[in-house]
Amino acid sequence: MIKTNTLPCEISPCAEAELSALAKLAGEIWRQHYPGIISREQIEYMLGKMYALETLRSELHAGVRFYRLLVNEQFVGFASIGPQPEPGVVKLHKCYLLPKFHGCGLGGSMMQHCEREARRLGARRMILAVNKHNSKAIAAYQRKGFEIAASVITEFGSGFVMDDFIMAKDLTSPGQPGAAWTAAGASATGIAKPE
Ligand SMILES: CC(C)(COP(=O)(O)OP(=O)(O)OC[C@H]1O[C@@H](n2cnc3c(N)ncnc32)[C@H](O)[C@@H]1OP(=O)(O)O)[C@@H](O)C(=O)NCCC(=O)NCCS
């Protein structure tokens, strides 16, 4: 574990050419973080589906925005956001950091970056789905202002389910009224519905 919370980092958009590095990093993070939360079989199954290059590329082309987090030019984390059918709502699809960098403030920086981008695009509310047993992530999200809004179980195929909390955060603050950011309005903003 790296102990400082003042690590200089850079967060930048992830281009298509960088998606394979992102998928590789996702594999590293998932295989370290998720054992004990979901089975190893489910980890491999979900990685194969969610981080297949064609899945990531089609999300990118559909308007999902991916971000890379670099520390000393090393790719150590990533996040992605996309609009939802409900006007003004954006989903934080992914927010992942190598475990050795957890607790240094970097995840908070990624969340802050995604919130800023979402606000810039007119979002008023951010939602995310997190496994109910992922207590570290739930605690970090709560600390950053997200609240549990719902509990959902979603079939993922091959008998696997995602047993998640939906968490939500109000992005409005005085002086920053959100315009509607909708999947339907995506063509106007260059952003499309991701799923
Ligand atoms: C979730 C994740 C991105 C958070 O990143 P992080 O760098 O560890 O978080 P930070 O150090 O920025 O902490 C953010 C805030 O949460 C708090 N926090 C972090 N972990 C915590 C914990 N286990 N318990 C209580 N509070 C915690 C921090 O104190 C901080 O609050 P502060 O800014 O007021 O001091 C990171 O833990 C991660 O990648 N986890 C594995 C992947 C994952 O589960 N992603 C979420 C999928 S939905």
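In strand β7 of this predicted model, M162 is the bridge partner of T154. Another residue of β7, M167, is the bridge partner of I148. Altogether, nine bridges join β6 to β7 (residues 160–170), and these two strands run antiparallel. They form a hairpin with two residues between the strands, in which S158 takes a positive phi near 50°.

Strand β7 also pairs with β5: seven bridges join the two, again in an antiparallel arrangement. Here V130 stands opposite F165 of β7. The table sets out these two pairings.

| Strand pair | Bridges | Direction | A residue pair |
|---|---|---|---|
| β6 and β7 | nine | antiparallel | T154 and M162 |
| β5 and β7 | seven | antiparallel | V130 and F165 |

**The sheet**

Both pairings belong to an open sheet of seven strands, whose order is β1-β2-β3-β4-β5-β7-β6 and whose pairing is mixed. Strands β1 (9–13) and β6 (147–157) stand at the edges; each has a single partner strand, so one side of each is left without a neighbour in the sheet. On average, neighbouring strands of the sheet are turned by 25° against each other, direction ignored. Helix α1 (residues 19–33) packs on this sheet and touches β2 (65–71), β3 (74–83) and β4 (89–97). The direction of α1 makes about 105° with that of β3.

**The contact of two helices**

Two packed helices are described by the angle between their axes and the distance between the axes. Helix α1 packs with helix α3 (residues 53–61) at an angle of about 120°, and their axes are 10 Å apart. Because angles of 65 to 115 degrees count as roughly perpendicular and only those over 145 as roughly antiparallel, this angle makes α1 oblique to α3. The crossing in which α1 passes α3 is right-handed. Which residues of α1 and α3 meet? From α1 come L19, S20, L22 and A23, while α3 contributes L53, L56, R57 and L60. By class, the residues of this contact are six nonpolar, one polar and one charged.

**The surroundings of the ligand**

How many residues lie around the ligand? There are 21, of which L97, G107, G108, A139 and R143 come nearest. Two or more residues of the shell are given by each of α1, β4, α4 (106–120), β5 (125–131) and α5 (135–143). Helix α5 gives the most to the shell, with five residues. Sorted by class, the shell has 11 nonpolar, seven polar and three charged residues.

Definitions and conventions
Residues are numbered from 1 along each chain as its sequence is written. This is a predicted model: local features need pLDDT of at least 70, side-chain atom pairs count only at pLDDT 80 or more; totals for chains, interfaces and linings use all residues. Two strands pair if DSSP finds at least two bridges between them. Helices (H or I, at least four residues) and strands (E, at least two) are DSSP runs, numbered from the N terminus. Axes are lines fitted to C-alpha atoms, for helices over the stretch in contact, and angles run from 0 to 180 degrees between N-to-C directions. Two residues are in contact if their C-beta atoms, placed from the backbone, lie within 7 Å. A residue is near a molecule or strand if its C-beta atom, placed from the backbone, lies within 6 Å of it. Ala, Val, Leu, Ile, Met, Phe, Trp, Tyr, Cys and Pro count as nonpolar, Asp, Glu, Lys and Arg as charged, and the others, Gly among them, as polar. Angles under 35 degrees count as roughly parallel, over 145 as roughly antiparallel, 65 to 115 as roughly perpendicular and the rest as oblique. A crossing is left-handed if the near helix is turned anticlockwise from the far one by less than a right angle, and right-handed if clockwise.
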